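Q: I'm new to this one. Could you walk me through a few features and how to read them?

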Amino acid sequence: MESKLNIYNTLKRKKELFVPLNPPHVGMYVCGPTVYGEPHLGHARPGVTYDVLFRYLKYLGYKVRYVRNITDVGHLENDADVGEDKIAKKARLEQLEPMEVVQFYTNSYHDKMRALNTLPPSIEPQASGHIIEQQAMVQQILDNGYAYEKNGSVYFDVEKYNKKFKYGKLSGRVVEDLQSNTRVLEGQDEKKNPFDFALWKKAEPEHIMRWPSDWSDGFPGWHLECSVMSTKYLGKKFDIHGGGMDLLFPHHECEIAQSTAANGEESVHYWMHNNMITIDGQKMGKSLGNFITLNELFSGNHKLLKQAYSPMTIRFFMLQAHYRSTLDFSNEALQAAEKGLSRLFAAWNTLNKLEASDKSSFDVQALKQKCFDAIDDDLNTPILFAHLFDGVKFINSVAAGTESITAADLEELKKLYHDFIFNIAGLKDELEDVADGENKLDEVMDILLNTRIEAKKNKDFATSDKIRDLLKDAGIIIKDTKDGFEWQLK
RNA sequence: GGUCACGUGGCCGAGCGGCUAGGCUCUGGUCUGCAAAACCAGCUACAGCGGUUCGAAUCCGCUCGUGACCUCCA
């Protein structure tokens with residue numbers, strides 16, 4: 001478990017060696033989706049990023065508790081503290097019970113995350129299931145003097161908090177600047193300062209999702225759930241908190257303030273933030289309406305899409321960029337990822353058929369070291385794949401007979417590729433999935449292709465080409481090899 | 001307006017002081033009945049202008065451009 005994993009800590013603005021608070025245990029919390037719409041490409045990024053982290057930590061032998069929440073209440077439409085609850089709004093539009101909306105999109109989110117081969121989190125708590133705990137934290141913050149009640153709503157007192165602790169340390173903001181820069185929005189006259197945020201909000205009569213409390217019939221503020229649920233399941237201090245960069249301010253800043261105000265100390269050791277997916281250089285997001293849902297990507301059913309892209313193509317596409325860089329969507333980039341991935345899996349299959357000889361013309365240990373160095377360097381998956389592709393060239397050369405490998409090295413190389421491709425990067429061979437359990441198809445293909453080989457032997461190329469062309473039309477690609485043939489579904 | 005990022009070859013995308021990133025595309029070659037795959041070779045790079053340095057895509061300054069956050073967003 002001795003690892004050299006370094007992760008970029010947004011709080012410190014630099015890479016730090018990862019040292020868990022209570023080894024071998026690791027606690028990680030990631031902000032999940034607000035379930036009021038179909039998950040889109042943007043949701044896949046943190047899903048995949050923190051899945052790789054989760055997988056790698058487990059690979060290193062840590063006992064990881066991975067908590068990812070479902071936001072199903074308290075997330076408002078306009079200003080954080082005025083306006084309509086997103087879930088309730090969607091429910092009214094669709095003539096549904098709010099929890100029906102929540103369930104529908106939660107299911108869809110799970111389906112898509114599973115398709116992307118992300119492991120389910122250890123705990124996936126819902127905000128609506130933790131109203132009692134949220135009320136308790138509101139009371140705690142009130143008792144500690146960092147919140148005030150006004151007309152049944154409770155607000156966090158940023159100015160007061162800032163005197164003892166520092167508000168804005170994560171996002172690099174200072175309260176004085178906020179004072180002059182925060183937009184004045186209507187309905188905020190209850191607050192002492194415009195940057196104060198709601199911990200508990202009194203519900204308007206038409207508001208559907210509401211719970212009784214000491215202050216009013218109302219609902220919790222959006223930022224509260226993450227502080228509450230991370231504390232409940234990971235303790236007052238835990239290792240890693242992840243989320244999208246767009247949540248850095250105000251959401252994560254408020255989380256820090258709430259947890260600190262309630263518990264007296266900061267809770268998170270390493271803050272991690274994934275960057276955005278862009279489209280034509282602009283952030284892909286709900287508010288801009290320029291998002292492509294995962295449904296649309298998987299089916300190709302969107303005006304910007306030239307074709308469907310498989311979940312693994314999407315996953316690989318993301319892993320070819322560093323998680324802290326923006327990643328620009330385009331058909332060309334996705335197609336390149338699709339082909340690259342296919343080349344990687346072709347090499348994996350080749351690797352498993354390789355024959356050993358008495359010497360190696362390649363340094364497997366050096367490759368292994370490079371791969372670990374890459375992943376240890378703040379999950380640098382693009383570098384990791386660059387090294388794996390160097391290995392692909394070698395694997396293909398061994399198959400072609402221009403390079404060689406010993407039996408021991410071969411075993412080592414197989415393990416290396418298996419560990420990194422499947423266990424850590426979390427990729428899977430989708431073609432193999434299809435082929436599995438289709439023994440009949442295998443038999444039929446053997447018959448067909450052996451017939452073709454005979455035709456070739458007899459120089460009956462018209463027949464052999466016809467078989468190849470017709471199969472191609474049916475979505476099956478034939479590759480002739482030295483001593484036979486290979487085929488794969490496209 | 002404030003705060004902070006970023007601008008790399010046809011496309012995507014690493015690198016963060018000296019050493020080929022990688023993937024995809026393109027061109028030529030080897031192999032093959034042809035094709036595909038594979039292998040070999042090649043092709044256009046570091047926004048601009050200064051500065052620091054023996055040496056800069058990489059550090060500093062300025063200019064131009066793009067974006068993010070400051071309001072819900074992964």
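Q: Which residue just after H17 takes a positive phi?

A: Keep in mind that this is a predicted model. The residue is Gly475, with a phi of about 90°.

Q: How many residues does H17 have, and how far does the helix reach?

A: A helix's span can be set against what you'd expect at 1.5 Å a residue. H17 runs over residues 461-473, so to speak a stretch of 13 residues, and reaches 18 Å from its first C-alpha to its last, close to the expected 18 Å.

Q: Which residues of H17 are buried, and why are they on the same side?

A: Here, buried means under 20% relative accessible area. Ser464, Ile467 and Leu471 are buried in H17. They cover an arc of only 60° around the axis, which puts them on the same side of the helix.

Q: And which residues are exposed on the other side of H17?

A: For exposed, look for over 50% relative accessible area. On that other side you'll find Ala462, Lys466, Leu470, Lys472 and Asp473.

Q: Now the cysteines: how many disulfides does the count come to?

A: A disulfide needs two cysteine sulfur atoms within 2.5 Å. By this rule, the count is 0.

Note on methods
Residues numbered from 1 in each chain as written. Chains lettered and ligands numbered in written order. Predicted model: local features only at pLDDT ≥ 70, side-chain atom pairs only at ≥ 80, totals over all residues. Heavy atoms only, no water. Helix = DSSP H or I, 4+ residues; strand = E, 2+ residues; numbered from the N terminus. Expected span 1.5 Å × (residues − 1). Buried < 20%, exposed > 50% of the residue type's maximum accessible area, 1.4 Å probe, protein only. Arc of directions from axis to C-beta.
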